[in-house]
Amino acid sequence: MKTDWNPLLRDQFEEPYWHELQAFVREERARHEVYPPHDEVFAALHLTPHSDVKVLILGQDPYHGPGQAHGLCFSVREGIDIPPSLVNIHAELEADLGCPRPGHGNLEHWARQGVLLLNTTLTVRARQAASHQRKGWERFTDRVIEVVDAKPERVVFVLWGASARRKAAQIDTSKHTIIESPHPSPLSAHKGFFGTRPFSRANAALVAAGREPVDWCIP
């Protein structure tokens, strides 16, 4: 991991759980199709250096359909059908900031501005949601959340859904801002996600702390 995350996370790579996790993922890849591809597992950390993080959006599993996951939560590459949760995120973005809905689902535009698009589990077996949960990834991503929480400047943590919202207890709200709501999936978006205006609220919190707002509109 040749980024400024390396010295902050290096201690994890010597832990027994890490070696067990990597052995599990290697065996899974030998026996099954696993997403995202090996070289994209840490894409969120490569695209968004620790020093740049101003917003952290927390997902759960990578997408488990063919060609979908590429290492950024909620994001798919251009040319891949936009998943339903992301369709709802685009709808809320339009309602909140007036951003035209993009014709693709690639969120790298956000990642390059300091929006860390982190899943709590970084791999998944094809077509089997939650198949790599509780194997060690959560311990690693909890450490990522911890080192972001340690930043002295304000970070906005966006927690959508029950799994993400449980992480609120790890965040120092005397320094940072939490925006939470139900998940944007079709099952829950109408139960409190729509109308929460997370993008304008995140920018308001950043500006109030003297930080640059995010250009959320996706080209």
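A contact here means heavy atoms within 4.5 Å.

**Figure 1. Overall fold of the chain in the predicted model.** Among contacts between residues at least 6 apart in sequence, 69% join residues at least 24 apart. Eight helices and six strands make up the secondary structure of the chain. Their order along the sequence is α-α-β-α-β-α-α-β-β-α-β-α-β-α. The radius of gyration is 17 Å, close to the 17 Å given by the globule rule for 219 residues, so the chain is as compact as a globular protein of that length. The C-alpha trace spans about 45 × 40 × 30 Å along its principal axes.

**Figure 2. Surface and charge of the chain.** The chain has an accessible surface of about 10,000 Å², and carbon and sulfur atoms account for 51% of that area. Of the 219 residues, 55% are buried. There are 25 positive and 27 negative side chains, and the centres of these two sets lie 3 Å apart.

**Figure 3. The disulfide between cysteine 99 and cysteine 217.** A disulfide is a covalent bond between the sulfur atoms of two cysteines. The structure holds one; in this pair the sulfur atoms are 2.0 Å apart. The torsion about the S-S bond is about -70°, so the disulfide is left-handed. Cysteine 99 has a relative accessible area of 1% and is therefore buried, whereas cysteine 217, at 28%, counts as partly exposed.

**Figure 4. Cysteine 73 and its distance from cysteine 99.** The closest cysteine sulfur to that of cysteine 73 is in cysteine 99, at 18 Å, which is too far for a bond. A disulfide would need the two sulfur atoms within 2.5 Å. Cysteine 73 is buried, with a relative accessible area of 0%.

Figure 5. Most residues other than glycine have a negative phi, and most peptide bonds are trans. Proline 36 lies in the loop that runs between β1 (34–35) and α3 (43–47).

**Figure 6. Positive phi at phenylalanine 74 and alanine 130.** Phenylalanine 74 is not a glycine, yet its phi is positive, near 70°. This residue is in the loop between β2 (55–59) and α4. Phenylalanine 74 is buried, as its relative accessible area is 9% and the cut-off for burial is under 20%. Alanine 130, also a residue other than glycine, has a positive phi of about 70°. The loop between β4 and α6 holds alanine 130. With 31% relative accessibility, alanine 130 counts as partly exposed.

**Figure 7. Surroundings of glutamine 133.** Glutamine 133 is located in the loop between β4 (124–125) and α6 (137–149). Leaving aside residues up to four places away in sequence, glutamine 133 touches Gln60, Asp61, Thr121 and Glu138. Its relative accessible area is 13%, so glutamine 133 is buried.

How values were computed. Residues are numbered from 1 along each chain as its sequence is written. This is a predicted model: local features need pLDDT of at least 70, side-chain atom pairs count only at pLDDT 80 or more; totals for chains, interfaces and linings use all residues. Side-chain values use heavy atoms; hydrogens and water are left out. Helices (H or I, at least four residues) and strands (E, at least two) are DSSP runs, numbered from the N terminus. The radius of gyration is taken over C-alpha atoms; the globule rule is 2.2 Å times the number of residues to the power 0.38. Buried means under 20% relative accessible area, exposed over 50%, partly exposed in between (1.4 Å probe, protein chains only). Accessible areas come from the Shrake-Rupley method with a 1.4 Å probe; for residues, only the protein chains shown count as cover. Lys and Arg count as positive and Asp and Glu as negative; His and the chain ends are not counted. The place of a charge is taken as NZ of Lys, CZ of Arg, CG of Asp or CD of Glu.
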